[in-house]
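Please look over the sequence and the model below before reading on. The text then goes through a few of its helices in turn.

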Amino acid sequence: MPRTEEQYKEIRNEKKKLITNVALKLFANEGYTRTSINQIAKEANISKGLLYNYFQSKEELLKHILNALGEEFSEFIDPNKDDVVTEQEAFNYIDITFEMLKNQRESLKYYYQLAFQPEVMEILSNPNVIREDIIKQEYLLLDFLAAKQPNVNPKIVVTNIISFMKGFSMMYVYSPETYTDEFLEEYKIYLKEFIAK
C-alpha cells in the first residue's frame, strides 16, 4: 500500500530531526569548523546526497539548529499573537522555559558548547542569521520587562533578567548535582517574584 502525503511528511520531519541532532552533537564536540558534511551523513547513517536534500550547506544546517531552539523557546512568549506580553504570559513563559530546561538538559549542553565557539559567535553576529519572527517575540518580552521598572534604564532591567535566565540555565545544565530540579522550582518562584515587583 503506498504511503500517504502525511506519512511522507512525517518521515521527512523525522529524518530532518535526526540530521539536526547528529549535527548538533558533532558541532558541539568536534567543533563547527572541523565537522564535515561527510561526518554528519556517516554518523546519521544516510548518504551525503540525501543530507543535501534537507540542507544545502553546513552553514544552513547550523542556522537551522540555532533557529529551531530559538523558535522552541520564543513561541510561548506571546501565544495569542496580540503583540503584547502580559504578566501572566511572562509567568507562563518562565514555567514552560524551566520545564524545557528539565527535559532538554543534554541538548542544551550541546547547544551552549556550540554557541560559544568563536566561529559560531561570528556567524551569530550577522543580523540575518536568527529569523525575524523569533527576534520579534523576544523583543515583546523585553518591552514587557523594561516597562516593569520605568524609572530604571530599560537596558539595565532587560540585561538583569536575561543574565538571570541565561546564567541560571547554564549552571543548571552543567552542574546537575548542585542545581537540582528542586532548586530549579525554587528559582522559578524567585524569578516570578522579581518580575512581579
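This is a predicted model: local features need pLDDT of at least 70, side-chain atom pairs count only at pLDDT 80 or more; totals for chains, interfaces and linings use all residues.

Start with helix α4, which covers residues 58-74. This helix has 17 residues, and the distance from its first C-alpha to its last is 24 Å, close to the 24 Å expected at 1.5 Å a residue. Its buried residues are Lys58, Leu61, Leu62, Ile65, Leu66, Asn67, Leu69, Gly70, Phe73 and Ser74. An α-helix has 3.6 residues a turn, so residues three or four places apart point the same way. The cover over the buried residues of α4 includes α1 (5-30), α2 (37-44), α5, α6 (105-115), α7 (118-124) and α8.

Helix α8, one of those covering elements, spans residues 132-148. With 17 residues, α8 reaches 25 Å from its first C-alpha to its last, close to the expected 24 Å. Buried in α8 are Ile134, Gln137, Leu140, Leu141, Leu142, Phe144, Leu145 and Ala146. These buried residues pack against α4, α5, α9 (154-174) and α10 (181-196).

How do α5 and α8 lie relative to one another, and at what angle do they cross? The axes of α5 (residues 87-103) and α8 come within 11 Å and cross at roughly 120°. Because of that angle, α5 is oblique to α8. The crossing is left-handed. On the α5 side, Glu87, Ala90 and Tyr93 take part in the contact, and they meet Leu141, Phe144 and Lys148 of α8. The residues of this contact comprise four nonpolar, no polar and two charged. Of the α8 residues named here, Leu141 and Phe144 are also among the buried residues of that helix.

Methods
Residues are numbered from 1 along each chain as its sequence is written. Side-chain values use heavy atoms; hydrogens and water are left out. Axes are lines fitted to C-alpha atoms, for helices over the stretch in contact, and angles run from 0 to 180 degrees between N-to-C directions. Helices (H or I, at least four residues) and strands (E, at least two) are DSSP runs, numbered from the N terminus. Angles under 35 degrees count as roughly parallel, over 145 as roughly antiparallel, 65 to 115 as roughly perpendicular and the rest as oblique. A crossing is left-handed if the near helix is turned anticlockwise from the far one by less than a right angle, and right-handed if clockwise. Contact means heavy atoms within 4.5 Å. Ala, Val, Leu, Ile, Met, Phe, Trp, Tyr, Cys and Pro count as nonpolar, Asp, Glu, Lys and Arg as charged, and the others, Gly among them, as polar. The expected span of a helix is 1.5 Å times one less than its number of residues. Buried means under 20% relative accessible area, exposed over 50%, partly exposed in between (1.4 Å probe, protein chains only).
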